[in-house]
Amino acid sequence: MSASSINTALIKDHFPTFNGLRNNNTSYSPYSFLLNKHQHKHTIPSISTIRAVSTPVKKEATVESKRSKVEIFKEQSNYIRYPLNEELLTDAPNINEAATQLIKFHGSYQQYNRDERGTRSYSFMLRTKNPCGKVSNQLYLAMDTLADEFGIGTLRLTTRQTFQLHGVIKKDLKTVMSTIIRNMGSTLGACGDLNRNVLAPAAPFVSKDYLFAQQTADNIAALLTPQSGFYYDMWVDGEQFMTAEPPEVVKARNDNSHGTNFPDSAEPIYGTQFLPRKFKIAVTVPTDNSVDLFTNDIGVVVVSDDNGEPQGFNIYVGGGMGRTHRMETTFPRLADPLGYVPKDDILYAIKAIVVTQRENGRRDDRRYSRMKYLIDSWGIEKFRSVAEGYYGKKFEPLRELPEWEFKSHLGWHEQGDGRLFCGLHVDNGRVKGITKKTLREIIEKYNLNVRITPNQNIVLCDIRPSWKRPITVALAQGGLLPPTYVDPLNITAMACPALPLCPLAIAEAERGIPDLLKRVRGVFEKVGLPYNESIVVRVTGCPNGCARPYMAELGLVGDGPNSYQIWLGGTPAQTTLARTFMDKVKIHDLDKVFEPLFYSWRMKRKSKESFGDFTNRVGFEKLEEIVGKWEGVPKSSSRYYLKLFTDKETYEAVDALARIENKSAHQLAIEVIRNFAASQQNGKSQ
């Protein structure tokens, strides 16, 4: 990544008061947040516009707009340096409030162990930046070593295709950061008010559409990477680790023909204030919704012609998961269709959308600073019009696309170049113990590159066919089984780390989900649902939505100690937003809700109807009535329900035969048993 040379002198004095940016090349005047009820039922308090600034300006006799404390920290930081650079040199185990906000831009969060009582034991979580989830062999081995030497002995695969390394103490931060940088990695922009990691399907298919999606994700990530050098100044003493950027990225970044840039600024796109809040982008191909496309600020879809040649992109804007309990003016939201752009224009279109948010997103109250609130307030038509001013063109109508589906990319697959890849399920993305040891041995022995999926799993890439058997054996010995041997509930489940290290968590998530999934499976068996039946379960310890629970068929969102909100109505393809079904359900009472819901689904579902579609069709009012009147599984249902299959192999063999007769495995097995019993009875009567 390129980074401009800048003056690294420390700036300790406060900058002059922020008064907004004049944008000479655009004709759009400041707006006030007017409610557009066509977009969302919630209202947002009306405020005046607060805009980004390029460089400190002299105070003028104007009415000051309210700003959040973080905006002031950013303005006074000399492009995200001060006071973090001084705080890192102190003997204290922690850093102050301003530095805590600034270190996020460097890819780190300050944490402490909330299980411990008394004096706080501070440490830092580091998050890497891996566009498309790509991790080189060299970087994987470096991260594995760092986890043992400076972390808690584990690596966490995240829902945005990155690593999280927990437990790094302050005095080791520079060593760990510099090691990551020198091993082809980065944490720059993995957190903070700027573009985060750009998602793309993790499958390394050598096909035109997948390759083009991944190339586009790489280019977007490069376009929106900070340029002022603060990251390298802090961690490698200003040494620049340059990589050659595609000329189209440099050209798009430098283009200011429509007033998008800050002239003569060290940060031509971000200015001193960067963005109002985090910003998330995903790129994918038609049908493949492994990236949870509609939960992003910007969703980008490759559009190809009949010969498979990429021609352009459909763009969606305004998705986001975060919300605040008991504040109905905060909400999760799905992205809206914005339009289509030719392939050569994608970087300019992305830049225009980012600048629209930079100039107009709220900077007074961070709860409302995501772009979804801007679009919800303005409406998509106004947002499109303003973005077109920065783009310099009209967005074309969306191109028609096929239906979406969630693709896990687990198991063995051909890449298309004579090599194979193997997608491995990792429970909750936590690489630890024998799993960690096994993965390192295989990745090191075969010199494999890997990719992290948006579902917290890992893909081993570029495997020679002759390696498949020994790798399969080694994986099995390490407990990494093929997806057919993993409970279907676990395949799609996700949880955030939550307690004990996340300061925002109010309930368990990662530590609690194994037991929760076992309980769901137990209720399935109790009400008569077969083993191959599954639903999307996601759990978070707070309402910020890191594991995207608001897209789940069953989402559990911590709303107190050992207490959860229950969200229902997401769908397997990740295209429908869930809704709140119940509040404040204690963990020991969850089965009392699960049982009537799953039993009703089993008894009243339409053919092949998913749980999410069922809950939406029946409606929450009826489901609440069912839960309220529930007296247990009817005896006629449970007394004669037998667990017919003790192993997967038998079930799969019977299921294959049953499909020929358009029956379920359970139906066929019951018929076989009945026929056998009848023949035995007939034999006795003769």
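In the predicted model, proline 500 is located in the loop that connects strand S15 to helix H15 (513-527). Proline 83 belongs to the loop between helix H1 (69-75) and helix H2 (84-87).

Strand S15 is part of an open sheet of five strands, arranged in the order S15-S16-S17-S18-S19 with mixed pairing. The edges of this sheet are taken by S15 (494-495) and S19 (579-586); each has a single partner strand, so one side of each lacks a neighbour in the sheet. Within the sheet, S16 (residues 537-540) and S17 (residues 554-560) are paired in the parallel sense over four bridges. In this pairing, valine 537 has leucine 554 of S17 as its bridge partner.

Glutamine 574, which is not a glycine, has a positive phi of about 60 degrees and is placed in the loop between S18 and S19. With a relative accessibility of 1%, glutamine 574 counts as buried, because the cut-off for burial is under 20% relative accessible area. Lysine 584 likewise has a positive phi, near 55 degrees, but its place is in strand S19. The relative accessible area of lysine 584 is 48%, and the residue is therefore partly exposed.

Helix H16 (residues 590-604) lies across S17, S18 (563-568) and S19, and runs at about 140 degrees to S19. H16, S18 and S19 are also among the elements that cover the buried residues of helix H18, as is helix H17 (611-618). In H18 (residues 620-628), the buried residues are Phe620, Leu623, Ile626 and Val627. These residues span an arc of only 115 degrees around the axis, and therefore lie on the same side of H18. The spacing follows from helix geometry: an α-helix has 3.6 residues a turn, so residues three or four places apart point the same way. Glu621 and Gly628, on the other side of H18, are exposed.

S6 pairs with S7 in the parallel sense, over four bridges. In S7, valine 301 stands opposite threonine 284.

H10 is mostly covered, with eight of its eight residues buried. Just after H10, glycine 379 adopts a positive phi of about 90 degrees.

The packing of H10 (residues 371-378) against H9 (residues 346-360) is at an angle of about 85 degrees, and the two axes are 10 Å apart. The two helices are therefore roughly perpendicular to each other. On the H9 side, the contact is made by Ile353, Thr356, Gln357 and Asn360, and on the H10 side by Met371, Leu374 and Trp378. Sorted by class, the contact of H9 with H10 comprises four nonpolar residues, three polar residues and no charged residues.

Elsewhere in the chain, isoleucine 169 occupies the loop between strand S5 (163-168) and helix H5 (173-182). Its relative accessibility of 35% means that isoleucine 169 counts as partly exposed. With residues up to four places away in sequence not counted, isoleucine 169 touches Tyr122 and Phe124. The C-alpha atom of isoleucine 169 is separated by 8.7 Å from that of asparagine 94, a residue 75 residues apart from it along the chain.

Note on methods
Residues are numbered from 1 along each chain as its sequence is written. This is a predicted model: local features need pLDDT of at least 70, side-chain atom pairs count only at pLDDT 80 or more; totals for chains, interfaces and linings use all residues. Side-chain values use heavy atoms; hydrogens and water are left out. Axes are lines fitted to C-alpha atoms, for helices over the stretch in contact, and angles run from 0 to 180 degrees between N-to-C directions. Angles under 35 degrees count as roughly parallel, over 145 as roughly antiparallel, 65 to 115 as roughly perpendicular and the rest as oblique. Contact means heavy atoms within 4.5 Å. Ala, Val, Leu, Ile, Met, Phe, Trp, Tyr, Cys and Pro count as nonpolar, Asp, Glu, Lys and Arg as charged, and the others, Gly among them, as polar. Buried means under 20% relative accessible area, exposed over 50%, partly exposed in between (1.4 Å probe, protein chains only). Two strands pair if DSSP finds at least two bridges between them. The arc is that of the directions from the helix axis to the C-beta atoms.
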